[in-house]
Amino acid sequence: MDWTGASAIGWLFDGRRGAADRLIPRWLFLRALGIIYFSAFFSLLFQVRGLIGPAGILPAGNYLQAVAQSLGHWQRWWYAPTLLWFSSGPVMLSVLCWAGMIASVLLLLNLWPRGMLVVCFVCFLSFVSAAQDFSGYQSDGMLLEAGFISLFFAPPGLRPGLDQMYPASRASWFLLQWEWFRIYFQSGAVKLLSGDPEWRHFTAMDEYYQNGPLPTWIGWYVQHLPHWFHASTVYATLALELGLVWMFFLPRRWRVIYFFIVTPWQIGVILTANYTFLNYLVLAMGALLLDDRFAFSSLPARWRQKLVVAVSGAKNGNDADTERSLGSIRAHWNVLKLAASAVMLLWIFYSTTAELLWMFARVPLPTSPIVALEPFRIANQYGLFAVMTRGRYEIEFQGSTDGQNWVTYPFRYKPQAVNQPPGIYAPYQPRFDWNLWFASLGSWREYPIVPNTEARLLSNSQDVLALFADNPFPREPPRQIRAVLWQYWFATIEEKRATGMWWRRQLLGLYAPTLEREPDGQIKVIEWPTVQPRQ
């Protein structure tokens, strides 16, 4: 092959010259991506109005208005790329969710995958860009990055099937695997770079299952295993994230071996903790370690013959020089698409590589390309569990009509009743419950969602009440609302056998100001918090 600049660019970025031996893993990953997108939009459908609607906790309209006042007309679109600039009302929020769900289902059915990926990406980015505190999760960035790269990874056409004539470009394939590699390696690196003694002393997992955002009942049982087990999982985590992950760069056999290591690992994480769609996405990206040869050996015999015919056509189809048969307009259009793909994918690679290097040393590299991509969340730095939480705290909202008797607002997903086992909800993402876990580790001044929720409950906002399991004041709103803080622990096995309780808890005091609604509708503070922020 003549390795001129043009031929090298074509080899890297032209799908027609891509790797023709990985059609099945691509097909599987895109179907899984459709399911993950669906889970994200499905969960938003029931929450988005209470989160960022006009009567929600953090109204998107107020946020966008503040952005518009500080930036120019076109600058605001880049800083906050969202369709909610047109409208941030309940109808528009519902349209985003329904459009995303429909597009994700069509992506799952392999109908116009590139077009459906565009719809999913735009709709999800529109939410993330306007959701403020409700979208500051690494999982959101992971999905947006994988979804954007998949625009170049997916086959063209309305019903492409495996699309043996248009394999995925090598650059897009590598960048998806590069994201997967960074999720693991950067997560391992931050554990050591943070200086957290829990990781250095192999005690990080001793209370991990109890103190995470949304535990599961399986995690309850795992928590009670002996210390040697938890210490060994710390060692295994660091070995997997810092050492074994480099098998990604080794020949095919080693990549397949690593697939069989990380797949059960991710399944174990899914069962013992609710990290929304994060682990499902990482699990799906692991399939990109495989190739068609492995898929053939794993499929039932009755499916193999059909796939052999389809995939063999890919290898033969790539040998034909189809470019000559295209008209001049189509040929120029292909050149423009190739150039755009090269620019965007190289831009993402540069940004993510620079951020990886900066974790270890401040290498003098231009920062403007990285800053320019930040609003779109398509080139991210990852790092999960840099510092382990040393206690479990829960915020609870209570209302009263007389200031003496307080009634609790029950949550849908958060631990609350001590006799209720923690559930398994992922990939469903209850963002309100999730954010309250973060808030419990800090001060109410840092997390306005808590006093804002109190204020909404004083008016019985139906959108916010939908985030709770029930409304204890159905006839009229309470006169006073407060947020108290509890510390929770898993009950011991002996306590559970004797009492049936899954949890123990202790009241620590008032977390946020107690609010009271006056007869004229004004809201005032009648009591200030008594607990200090946790360390």
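Predicted model: local features only at pLDDT ≥ 70, side-chain atom pairs only at ≥ 80, totals over all residues.
Helix H9 covers residues 170–193. At 1.5 Å a residue, its 24 residues should span 34 Å, and the end C-alpha atoms are 33 Å apart, which agrees. Of these 24 residues, 20 are buried, so the helix is mostly covered, buried being under 20% relative accessible area. Glycine 195, which follows H9, has a positive phi, near 75°.

H2 provides the largest share, 3 residues. Leucine 108 lies in H6 and is partly exposed, with a relative accessible area of 34%.

The structure holds 60 aromatic pairs. One of them, between tyrosine 208 and phenylalanine 385, is edge-to-face, with 5.7 Å centre to centre and 75° between the planes. Tyrosine 208 is in helix H11 and phenylalanine 385 in the loop between helix H19 and strand S1, 177 residues apart. Tyrosine 208 counts as buried because its relative accessibility is 9%, whereas phenylalanine 385 is partly exposed at 31%.

Phenylalanine 397 and phenylalanine 468 also form an edge-to-face pair, at 6.0 Å centre to centre and 85° between the planes. Phenylalanine 397 lies in strand S1 and phenylalanine 468 in the loop between helix H22 and strand S3, so the pair ties together parts 71 residues apart in sequence. Both residues are buried.

Charged groups also lie over rings: the charged end of arginine 505 sits 3.5 Å from the ring centre of tryptophan 486, and lysine 414 lies over the face of phenylalanine 411, at 5.1 Å from the ring centre.

Notes: Residues numbered from 1 in each chain as written. Heavy atoms only, no water. Helix = DSSP H or I, 4+ residues; strand = E, 2+ residues; numbered from the N terminus. Expected span 1.5 Å × (residues − 1). Buried < 20%, exposed > 50% of the residue type's maximum accessible area, 1.4 Å probe, protein only. Phe/Tyr/Trp six-rings, centres within 6.5 Å; stacked < 30°, edge-to-face > 60°. Lys NZ or Arg CZ within 6 Å of the ring centre and 35° of its normal.
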